Amino acid sequence: MNILRSLITIWIILFWTPLQAQTFDNSHLIEDATNGDIQAQYTLAHLYLKGKGGLVFDVEEAVRLLEEAADGGHKEAAFDLAFLYLNGMKLAKDRVKALHWLTMSAEMGQVDAQYFLGLAYKKSDRLQAAAWLKMAADGGHLEAAGELDQICAEDPQACRWSAK
């Protein structure tokens, strides 16, 4: 039910153009987010990041909500946090935090996070890189499969697990 409300809210914001921001009622979304609904937290965070849905742009509140959602198991929230910290477009760059959230997202099974984590380890730790790229490739990430093939061709020892 809460996911349905969040999806309806997103649809209204993105596709119902006559809607005026000052008349938007997102009280149900705020209530769901306050009650720990990770999808509502994720949706509300993106509204704060974009200054939409009757909300004023507020990066601190968006990050707080994304962190709550990620800590609650929302892999996309963790992935988004990683890139907010990595790019530093809406908040200060912080590579340590970016790596933390990227790792959390990858551990939750987000294939793009697994791919980027594999790339991050490619020069420093080929075993780690190969392991993350294999997870991403197994999840259907085509670029990860190509990167993994390259690592295995250059350093077969990094891919010794594949012989098991």
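## Nonpolar cores

In this predicted model, the largest nonpolar core contains 32 residues. L44, L66, L81, Y85 and W101 have the most contacts inside this core. At least two of its residues come from each of α2 (27-34), α3 (38-50), α4 (59-71), α5 (75-87), α6 (95-107) and α7 (111-121).

L81 can be taken as an example from the largest core. With its neighbours within four places in sequence left aside, L81 is in contact with V63, L66, E67, A70 and W101.

## Overall make-up

The chain has 164 residues, and 39% of them are buried. Nine helices and zero strands are present, so the order along the sequence reads α-α-α-α-α-α-α-α-α.

Among contacts in the chain with a separation of 6 or more, 45% join residues 24 or more positions apart. The accessible surface of the chain is about 9,300 Å², and carbon and sulfur atoms account for 57% of that surface.

## Packing of α2 and α3

The axes of α2 and α3 lie 8 Å apart, and the two helices pack at an angle of about 125 degrees. The crossing of the two helices, α2 and α3, is left-handed.

On the α2 side, the residues that meet α3 are L29, I30, D32 and A33. Their counterparts in α3 are A40, Q41, T43, L44 and L47. L44 is also one of the residues with the most contacts inside the largest nonpolar core.

Methods: Residues are numbered from 1 along each chain as its sequence is written. This is a predicted model: local features need pLDDT of at least 70, side-chain atom pairs count only at pLDDT 80 or more; totals for chains, interfaces and linings use all residues. Side-chain values use heavy atoms; hydrogens and water are left out. A nonpolar core is a set of buried Ala, Val, Leu, Ile, Met, Phe, Trp, Tyr and Cys residues joined through side-chain atoms within 4.5 Å. Buried means under 20% relative accessible area, exposed over 50%, partly exposed in between (1.4 Å probe, protein chains only). Helices (H or I, at least four residues) and strands (E, at least two) are DSSP runs, numbered from the N terminus. Contact means heavy atoms within 4.5 Å. Accessible areas come from the Shrake-Rupley method with a 1.4 Å probe; for residues, only the protein chains shown count as cover. Axes are lines fitted to C-alpha atoms, for helices over the stretch in contact, and angles run from 0 to 180 degrees between N-to-C directions. A crossing is left-handed if the near helix is turned anticlockwise from the far one by less than a right angle, and right-handed if clockwise.
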